[in-house]
Amino acid sequence: QGASTLLSRDTPALFFECDRNQDDIQNLLRGYGYRLFDMTTLAQTEGIPHNCLALHETRHAAVITQLEN
């Protein structure tokens with residue numbers, strides 16, 4: 001419950017490693033408006049890469065635009 005409050009209220013950028021429960025984590029983060037990026041290439045991904053950067057689509061819109069160009 002604490003993570004839900006943090007994700008919805010503060011929308012932090014998240015850097016993490018993920019080796020399991022990728023589908024659950026992906027669904028959770030996308031539900032809060034996050035886009036996922038591979039930390040190795042900085043390319044946007046549909047799934048959760050091992051080294052993941054998650055950016056909120058509104059709060060981090062300028063950074064996402066730079067990564068997409």
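Predicted model: local features only at pLDDT ≥ 70, side-chain atom pairs only at ≥ 80, totals over all residues.
Glu57 has a relative accessibility of 40%, so Glu57 counts as partly exposed.

Glu57 has a salt-bridge partner, Arg35, with 4.0 Å from N to O. Where do the two residues sit? Glu57 is in the loop between β4 and α3, which covers 61-68, while Arg35 belongs to strand β2; the pair therefore ties together parts that are 22 residues apart in sequence. Arg35 has 26% relative accessibility and so is also classed as partly exposed.

Arg35 has another partner. Glu68 forms a salt bridge with Arg35, and here the closest N and O atoms are 3.1 Å apart. Because Glu68 lies in helix α3 and Arg35 in strand β2, this pair links parts that are 33 residues apart in sequence. At 46% relative accessibility, Glu68 counts as partly exposed. Through shared partners, the salt bridges join Arg35, Glu57 and Glu68 into one network.

How many salt bridges does the structure hold? There are three. One of them is between Asp10 and Arg9, where the closest N and O atoms are 2.9 Å apart. Asp10 is partly exposed, at 28% relative accessibility. Arg9 is at 57%, and that counts as exposed.

Now the sheet. Four strands form an open sheet, in the order β1-β4-β2-β3, and the pairing is antiparallel. The edge strands are β1 and β3, the latter being residues 44-45; each of these pairs on one side only. As a reminder, strands of a sheet pair through backbone hydrogen bonds, either parallel or antiparallel.

Take the pairings of β4 in turn. With strand β1, residues 14-17, β4 makes four bridges in the antiparallel sense. On that side, Phe16 stands opposite Cys52 in β4.

Is strand β4 largely enclosed or largely open? Strand β4 spans residues 51-56, and five of its six residues are buried, so the strand is largely enclosed by the rest of the structure.

Cys52 brings up the cysteines. How many disulfides does a search of the whole structure find? The search finds zero. Cys18 is in no disulfide, and the nearest cysteine sulfur to it, that of Cys52, is 7.5 Å away. For scale, the cut-off for a disulfide is a pair of cysteine sulfur atoms within 2.5 Å. Both cysteines are in the interior class: Cys18 is buried, with a relative accessible area of 4%, and Cys52 is buried at 0% relative accessibility.

Next, the helix on the sheet. Which strands does helix α2 lie across? Helix α2, residues 22-31, lies across β1, β2, β3 and β4, and runs at about 130 degrees to β2.

Gln26 lies in helix α2. Is Gln26 buried or exposed? With a relative accessible area of 17%, Gln26 is buried, since the cut-off for buried is under 20%. Leaving out residues up to four places away in sequence, Gln26 touches Leu36, Glu46, Gly47 and Ile48. As for Glu46, the C-alpha atoms of Gln26 and Glu46 are separated by 8.6 Å, and the two residues are 20 residues apart along the chain.

To go back over the main points: the sheet is open, with antiparallel pairing in the order β1-β4-β2-β3. Helix α2 lies across its four strands, β1, β2, β3 and β4. Arg35, Glu57 and Glu68 form one salt-bridge network, and the search for disulfides returns zero.

Technical notes:
Residues numbered from 1 in each chain as written. Heavy atoms only, no water. Buried < 20%, exposed > 50% of the residue type's maximum accessible area, 1.4 Å probe, protein only. Helix = DSSP H or I, 4+ residues; strand = E, 2+ residues; numbered from the N terminus. Pairing = 2+ DSSP bridges. Contact = heavy atoms within 4.5 Å. Axes fitted to C-alpha atoms, helices over the stretch in contact; angles between N-to-C directions. Salt bridge = Lys/Arg side-chain N within 4 Å of Asp/Glu carboxyl O.
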